[in-house]
Amino acid sequence: MNLDEITSWKPFVPLDGGPPIDLSYLDAHKVDYIHSALGKDDITYTFWVTYSFHCFAKEYVGQSAEEKDALMYYAGKDQRPFCYRRHALAKSYLRQIVEKLGNSDVRVIHAGFGSYATAPVVDESGNKVWYFVPFKVYRSQRKFRLHVTSAYPLLEKPGGGKVGFFTLAHNLKTGRALPTENHCRL
C-alpha cells in the first residue's frame with residue numbers, strides 16, 4: 001500500500017522519562033463498509049483509512065515553550081505537542097467511529113471544507129461530549145481513501161447538513177461530485 005499519508009505511527013516518548021505511548025491504533029488500515037438496502041444486493045465499499053496527528057496532538061494557548069518542547073511529537077515535516085486528552089479519546093473511540101460511518105449511531109454532517117462525523121461519547125472525566133471527526137474521502141491510486149484530518153471533543157452537538165456516508169461512497173464509485181454543503185439534508 002503506497003499512500004501519501006503516514007501509515008505507521010511511532011510511539012510518543014515523553015521527555016519526562018515516562019513510558020512510551022503506543023499509537024499503533026492509528027496505523028493505516030482497510031475498512032469494508034457494506035451498504036444493505038431492502039430488496040437490493042449488498043454493495044461493499046473498501047476504503048483505505050489513514051489518520052492525521054491532529055487526532056492526538058494539539059498546541060494550547062498558554063503552554064510555555066518548555067511544556068511544548070516536553071510534549072513535542074514529530075510527524076514527517078510537521079510537529080505539534082502531544083495531547084493526552086485527544087489521545088485518550090482517539091484510543092477509546094476513534095477507530096470504532098470510523099468503522100461505523102455507515103451506521104445510524106454516527107452522524108455524518110457537512111460543515112464546510114469536507115465531510116465530518118460526530119458521535120456522543122464519554123470523556124475521561126465521565127462527561128458526555130460530542131466527538132467531532134473531520135475526514136476527507138477521495139480516490140487515489142485506484143483506491144477509495146478516507147483520511148481523518150482531526151478528532152476532538154465538543155460540548156454541544158454540532159450543526160451542519162446531514163450527508164449519507166453511502167452517498168459519498170457511491171459518488172466516489174461512479175465518478176460523481178461529492179455533495180457540497182448547499183446540497184445536504186438538514
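Predicted model: local features only at pLDDT ≥ 70, side-chain atom pairs only at ≥ 80, totals over all residues.
I number residues from 1 along each chain as its sequence is written, and I take side-chain values from heavy atoms, with hydrogens and water left out.

**Entry on the strands**

I take helices (H or I, at least four residues) and strands (E, at least two) as DSSP runs numbered from the N terminus, and I call two strands paired if DSSP finds at least two bridges between them. I followed β7, residues 128–140, through its pairings, and found that it runs antiparallel to β6, residues 115–122, with eight bridges joining them. Within that pairing I noted Pro-120, whose partner in β7 is Trp-130. The hairpin of β6 and β7 has five residues between the strands, and there I found Gly-126 with a positive phi near 85 degrees.

I then saw that β7 is also joined to β8, again antiparallel, by six bridges. Their hairpin has two residues between the strands, and Gln-141 takes a positive phi near 55 degrees in it. With β9, β7 pairs in the antiparallel sense over three bridges, and I found Tyr-131 opposite Pro-153 of β9.

**Entry on Ser-150**

I located Ser-150 in the loop between β8 (143–148) and β9 (152–154). I record Ser-150 as buried because its relative accessibility is 9%, where buried means under 20% relative accessible area, exposed over 50% and partly exposed in between, with a 1.4 Å probe and protein chains only. Counting contact as heavy atoms within 4.5 Å, and leaving aside neighbours within four places in sequence, I listed His-54, Cys-55, Arg-86, Phe-132, Val-133 and Pro-134 around Ser-150.

**Entry on helix α2**

Arg-86 took me to α2, where I found it among the buried residues, including also His-87, Leu-89 and Tyr-93. The helix covers residues 84–99, 16 residues in all, and reaches 23 Å from its first C-alpha to its last, close to the 22 Å expected at 1.5 Å a residue; the expected span is 1.5 Å times one less than the number of residues. I noted a kink of about 45 degrees centred on Ala-90, the bend at a residue being the angle between axes fitted to the seven residues ending there and the seven starting there.

**Entry on the rings**

I pair rings of Phe, Tyr and Trp (its six-membered ring) if their centres lie within 6.5 Å, with planes under 30 degrees apart stacked, over 60 edge-to-face and the rest tilted. The structure holds 16 such aromatic pairs. One of them is Phe-12 with Phe-82, stacked at 4.2 Å centre to centre with 0 degrees between the planes. Phe-12 lies in the segment before β1 (29–35) and Phe-82 in the loop between β4 (78–81) and α2, so I note that this pair ties together parts 70 residues apart in sequence. Phe-82 also pairs edge-to-face with Tyr-84, at 5.0 Å centre to centre and 75 degrees between the planes. I found Phe-12 buried at 1% and Phe-82 buried at 1%, whereas Tyr-84 is partly exposed at 42%.
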